[in-house]
Amino acid sequence: HVDRGVKTGHKIDFRGEGDQMPGVLPGDVQFEIEQKPHSRFQRKDDDLFYHAEIDLLTALAGGTIYIEHLDDRWLTVSIFPGDPITPGTRTPFF
């Protein structure tokens with residue numbers, strides 16, 4: 001099991017889980033996490049960023065966009081009328 005949010009370089013040790021043979025003390029196994037780029041999300045520290053293309057009408061008049069999360073859930077992000085979004089705006093969602 002690897003906990004969520006571990007960063008590149010984090011090491012996970014499995015003590016005594018190496019080669020196991022009768023009469024031989026098993027060694028340790030160590031894994032080192034390497035984060036690879038993702039096609040939809042960017043990680044900055046403990047935050048995930050998603051770049052969404054929003055049409056002008058939705059940005060000005062409001063609407064809803066849907067984002068597929070890493071665990072295949074679909075997140076709904078509401079843009080409220082009268083609260084225009086400008087280019088480069090970062091909006092937290094949970």
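User: Where does the charged end of Lys44 sit?
Analyst: In this predicted model, the charged end of Lys44 lies over the ring of Phe49, at 5.0 Å from the centre of that ring.

User: And how many aromatic pairs are there?
Analyst: The structure contains 2 aromatic pairs. In one of them, the ring centres of Phe14 and Phe31 are 5.7 Å apart and the ring planes stand at 90°, which is over the 60 degrees needed, so this pair counts as edge-to-face.

User: Which strands do Phe14 and Phe31 come from?
Analyst: Phe14 belongs to strand S1 (residues 11-14) and Phe31 to strand S2 (residues 29-32), so that the pair links distant parts of the chain, with the two residues 17 apart.

User: What about Phe41 and Tyr50, how are their rings arranged?
Analyst: Phe41 and Tyr50 make a tilted aromatic pair, with 5.4 Å from centre to centre and 50° between the planes.

User: Is Phe41 buried or exposed?
Analyst: Phe41 is buried, because its relative accessible area is 7% and the cut-off for buried is under 20%. Tyr50, at 30% relative accessibility, is partly exposed.

User: Switching to the strands, how do S5 and S6 pair?
Analyst: Strand S5 (residues 63-68) pairs with S6 in the antiparallel sense over 6 bridges, and Thr64 stands opposite Ser78 in S6. The two strands form a hairpin with 5 residues between them, and Asp72 in the turn has a positive phi of about 70°.

Definitions and conventions. Residues numbered from 1 in each chain as written. Predicted model: local features only at pLDDT ≥ 70, side-chain atom pairs only at ≥ 80, totals over all residues. Heavy atoms only, no water. Phe/Tyr/Trp six-rings, centres within 6.5 Å; stacked < 30°, edge-to-face > 60°. Helix = DSSP H or I, 4+ residues; strand = E, 2+ residues; numbered from the N terminus. Buried < 20%, exposed > 50% of the residue type's maximum accessible area, 1.4 Å probe, protein only. Lys NZ or Arg CZ within 6 Å of the ring centre and 35° of its normal. Pairing = 2+ DSSP bridges.
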